[in-house]
Amino acid sequence: MSRTLRPLLNPVLRHRMLWPVVILAALLLLNLFFTNGFFKVEMKDGHLYGSLIDIVRFGAPLILVSLGMTLVIATCGIDLSVGSIVAISGALACLWISELGDQNSIGGVLTAVALGLGLSVALGAWNGFLVAGIGIQPIIATLILMVAGRGVAQLITDGQIITVNSSPYKLIGGGYWLTLPFGIIIVIAVLALTAFLTRRLALGLLIESVGGNAEASRLAGIRSRGVLMMVYAFCGLCAGIAGLMISSNVSSADGNNAGLWIELDAILAVVIGGTSLAGGRFSLGGTVLGALIIQTLTTTIYSIGVPPETTLLFKALVVTIVCLLQSPAFREKAFRRRRRPAAAASASAEEEAGEERVGVSA
Amino acid sequence: MTAPAPILRMTGIGKQFPGVKALDGVDFRLLPGEVHALMGENGAGKSTLIKVLTGVYDIDAGEIELAGRKVAFAGPQAAQRAGISTVYQEVNLCTNLSVAENIFIGREPRRLGRIQWRRMRQRAAELLARLEIDIDVSAPLSSYSLAIQQMVAIARALDIEARVLILDEPTSSLDAGEVAQLFRVMRRLKEQGIAILFVSHFLDQIYEISDRMTILRNGRLVGEHLTSELSQIELVGKMIGRELADLERLGAKPAAESSESSAGKPVPLLEARELGRTGAIEPFTLTIHEGEVVGLAGLLGSGRTEIARLLFGADHAGTGSLRIGGEQVSLRTPRAAVSRKIAFCSENRRAEGLIPDLTVRENIILALQAARGWTRPIPRRRQDELVDKYIKALSIRPPDPDQLVKNLSGGNQQKVLLARWLILEPRLLILDEPTRGIDVGAKAEIQRLVAELSDGGMAVLFISAELEEVLRLSHRVGVLRDRRLVAQLENGDDLTTDTLTETIASGARS
Amino acid sequence: MLRRIRALKSISALVLAGAVAFTMAGCGSSDGSAGSSGSGGSGGSSDGKIVMGFSQVGAESGWRTANTKSVQESAQEAGIELKFSDAQQKQENQIKAIRSYIQQKVDVIAFSPVVESGWDTVLKEAKNANIPVILTDRAVDSQDTSLYKTFLGSDFVEEGRKAGQWLVEEYKDSTDPVNIVQLEGTTGSAPANDRKAGFQEVISADSKFKIIASQTGDFTRAKGKEVMEAFLKSNPDIDVLYAHNDDMGLGAIEAIEGAGKVPGKDIKIITVDAVRDGMQALADGKINYIVECSPLLGPQLMDLAKKVVNGEQVPTRVVTEETTFTQEQAKEALPNRKY
């Protein structure tokens, strides 16, 4: 990087999305070298087919959950119960469909979807009530439903896996529309809705304000209780949609395993995307990138054949690197140490670039 | 005065922030055994210079020498180890920890890895005794007043073997007695050869304690002078870079004609009858008319802020009734007050006012947006109009609506907070210590603004610890003592700071 | 302010306690007669009826629920009084339950250990109280085998072998290489390790069998599908899928269909478990072979319990009676499949 390029590149280098994009690109690049035909996208049975499509398709539930989580985290909260809501919503919808006379009846499936989503919103609102109405710390308030919710899901499924055979329901998580996986279309719709509510309308400003300084927001006349209720309910809704998607994808509801630990992946996606756990500023685009990074990592592990015994270690390594690169404090330290003594030396920039490459592929 | 070699020398310091040149070629030196005042308006670069010196920021240009050796501190700890200790403007302590823990946090006396609690408490008590403070050091810091907390912060800085002590606005929340106490300590430290860098907006204090001063304006050095050789008027002129006519014009009291007009108003804007809240403020009765400025005077903790909070609905009133525009109301939330066109600038702008991570624009439109509800966003063009108008009107610096508020200086933050409420066009504006911790120029601007607003028909409840300021602006002054509104005095020629002080001291109802 | 925070803390503690109670109720009711343990005094065989204390792992899967049901029903049929408790996947709950059985002086204790280690103390207590112990489904790693009478459960290695044997038989006439992908169970779990080892042992005899990819699918349908999708993309020629349970196999079937291939024909599928959904797929021709891993060990358990209480000798290792299913056998067995 020459001296004349620096000022031009600075806005790019300072952009908070830079590192997530670099990491995602690095992961994809890894696949380019190790996996044959990873970037091949073909038409099969009238829809798109390929690894890249898989990443988005399997990542769709995580993206949805992470979007809801982003708003919750922006209010300086956290929602641990999303995994349980995923299980409950899928379980309830599948239970309803399994008891339909005609599982392919569109009306019946729509009712099932409405029931699942309705209950999810209600559970989210319950979280919101505990946090905003009673004033319990978010991590404790949502822990209640995280633990109890699994029990509720098991209660609905009676501890069994409910299998359904309904083509309209199958569409949600496993179907295609206009050659695209339907899940992707849902994600785009929810993302657009979220962006509209927060950035077009003023919900985002109020969320960031409540998360940045709750007392100051109250004194500015913001109804923070209402904002919090809405955010938690929305998070419940997102988890509910994800739950339908996951159960629809395998045409069955598994109260024990559906959405297990998805809350942790979602929190990770939000953090990788550059939203601080301390609340305030949030980035929807960053969260989508974060979720895609996590899913790409998972798919990469499957396709390059990392042995199962070492997958967790491999994941941990990559996530550590990602988090370090996302931390301004670390970057400051890592890059400043080299910049200071070598301020005059023109080799410093190249050195930096070299280290990055080593860091990511480690 | 034959100057000894400076302990600290900064040459050609430059520091750039995105969109702001905070420091530009500034030279500064500090001699051992002197109290050196760093002067300048808000945004002149005082805080940045201090942060550069203590390693919080890197410098873009220039160099720093400590005791003749070139240094570059990686952070505040490194600066502290080298003997540069700092007490910041806003107290940066952990209020949930005990006093002793606060003093020794991060360097607790240990033996075999275990903290020696008894020794720690003992030494904390000794240190505070040096500042002539006798308190229970094992009690949590939050149980003491801001003033005591400030002293604890100083004690913490003193414990480290300091060669340079930086006091950034240490006196802004101290009363006269406490200031005198602090100055005694400062003089003792001076005799021990410690160099003290002192920042304060109280000119009287500067002239009482400092030996020399360095003046900054807009990130540049204006000059270095012996305090004894520069008059106050000259100093202020150098700081704001213009003549003082504006300031002096404000000196005239607004009282006489306005008090007549307020008496003529049939329905008062606000009427509080026996309004009170247990443990906060005894029941009080207060009326405020349109276009009237009512000042509240009293010591720290006398109940001034509590009155403001009740009138704004920030706290619930336990007793009494409140009428606004003749209508009986019960303010259960700030939102209810806002919808009745009441606005409140809290004294604690960091905790209760601004959202530091949001931009100037977002902070300014926040209250208006909250009042409209999230479904009715303010169109971008309207936002730009409003924000630009108030950035200009209040001369907020830097005039960049997309700058994060946390990057602004204290006075400019205060103006942003004011702008937030002014765009709501309130009928009653409650200002709690709006001029605390901000410089002469900004102070004058805010005072002038208050006068203009009240001329335009807005009612203002003005709370300040500075009696001169209260007298200068108010038509009527309420005096508080021990959580009671003890007197309401019409501001006439016979009302002086002395009579106010007397009333505060005696608590007599007149 | 401080007081308010304290009040909030106590409220949140209350709510949390309520939630925990609620969860226990939730899990409990999912397996019928949880908490049906009689009053403390009724222990012992005063009326000649054998009393058994049974501590179940939890209700973490359909397999486990069927297992619980089998134990409860066969106890009733055998005239054995059952004291049942659900450990909710926690060893301390299980130890507590066993101690309470010892105190109630039951005639025999049976349990499925949550984990392998850490049982010596409580088993010694049972031994000192002269109460025989039967392990079901899962083993413990105690050196002292006198601490329990017998271990009743499936032989996972044998299950792997059976799967391998079918494969060898199926391809005995072919000389072409056979490309196998494997969906493993939860990494580190005994069934996953053993089913992998048994399978490997049999197929390694012939070098034409090659496991070209192997990855964990955590025993779930969703993961099974996701991993299989990736396998299908990175390996164009897959002949056989071996899944460590039916659920992963069922997920994989969806992936195979999505890739435009025919499960059971283009890719042969072997799974383990034989739950109803798996059997249905087998009958439909989507799976080729299922090795049974039966949760219905109730009758065998009751039988062993009677023998142990009467002081008869029993072998220290009893393997659950299990079979295997081909597609034809599945069609016959399906109508009276219990789980």
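**Figure 1. Where chain A meets chain B.** The contact (heavy atoms within 4.5 Å) draws on 25 residues of chain A and 32 residues of chain B. In this predicted model, local features need pLDDT of at least 70 and side-chain atom pairs count only at pLDDT 80 or more, while totals for chains, interfaces and linings use all residues. About 2,400 Å² is buried between chain A and chain B, 61% of it on carbon and sulfur atoms. Buried area here is the accessible area (1.4 Å probe) that two parts lose on being put together, summed over both. On the chain A side, Leu205(A), Leu219(A) and Arg281(A) lose the most area to chain B, and together they give 26% of what that side buries.

Figure 2. Look here for 2 salt bridges between the two chains, each a side-chain nitrogen of Lys or Arg within 4 Å of a carboxyl oxygen of Asp or Glu. In a salt bridge of Glu215(A) with Arg309(B), the closest N and O atoms are 3.9 Å apart. There are also 8 residue pairs in polar contact between chain A and chain B, both residues at pLDDT 80 or more. A polar contact is a pair of N or O atoms within 3.5 Å; within protein, one must be able to donate a hydrogen and the other to accept it, and residues adjacent in sequence count only if both atoms are side-chain atoms. Four elements of chain A, namely α8 (182–200), α9 (203–212), α10 (214–219) and α15 (328–339), each supply at least two residues of the side that touches chain B. The largest share of that side, 6 residues, comes from α9(A). Helices (H or I, at least four residues) and strands (E, at least two) are DSSP runs, numbered from the N terminus.

**Figure 3. Buried salt bridges in chain B.** Arg309(B) also forms a salt bridge with Asp315(B), with the closest N and O atoms 2.9 Å apart. Both Asp315(B) and Arg309(B) are buried, where buried means under 20% relative accessible area, exposed over 50%, and partly exposed in between (1.4 Å probe, protein chains only). A further salt bridge joins the side chains of Lys415(B) and Glu445(B) at 3.3 Å, N to O. This pair links distant parts of the chain, 30 residues apart: Lys415(B) is in helix α16 (residues 410–422) and Glu445(B) in helix α17 (residues 440–455) of chain B. Lys415(B) counts as buried because its relative accessible area is 4%, and Glu445(B) is buried too, at 15% relative accessibility.

Figure 4. Arg64(C) and Asp137(C) meet through their side chains in a salt bridge of 2.9 Å, N to O. Arg64(C) lies in helix α2 (residues 62–78) and Asp137(C) in the loop between β4 (133–136) and β5 (150–153) of chain C, so the pair ties together parts that are 73 residues apart in sequence. Both Arg64(C) and Asp137(C) are buried. Elsewhere, salt bridges that share partners join Glu215(A), Arg218(A), Arg309(B), Asp315(B) and Glu352(B) into one network. Over all chains, the structure holds 48 salt bridges.

**Figure 5. Where chain A meets chain C.** Chain A brings 44 residues to this contact and chain C brings 42 residues. The area buried between the two chains is about 3,500 Å², with 58% given by carbon and sulfur atoms. The interface has 4 salt bridges. In a salt bridge between Asp54(A) and Lys233(C), the side chains meet at 2.4 Å, N to O. The largest share, 8 residues, comes from α6(A).

Conventions. Residues are numbered from 1 along each chain as its sequence is written. Chains are lettered from A and ligands numbered from 1 in the order in which they are written. Side-chain values use heavy atoms; hydrogens and water are left out.
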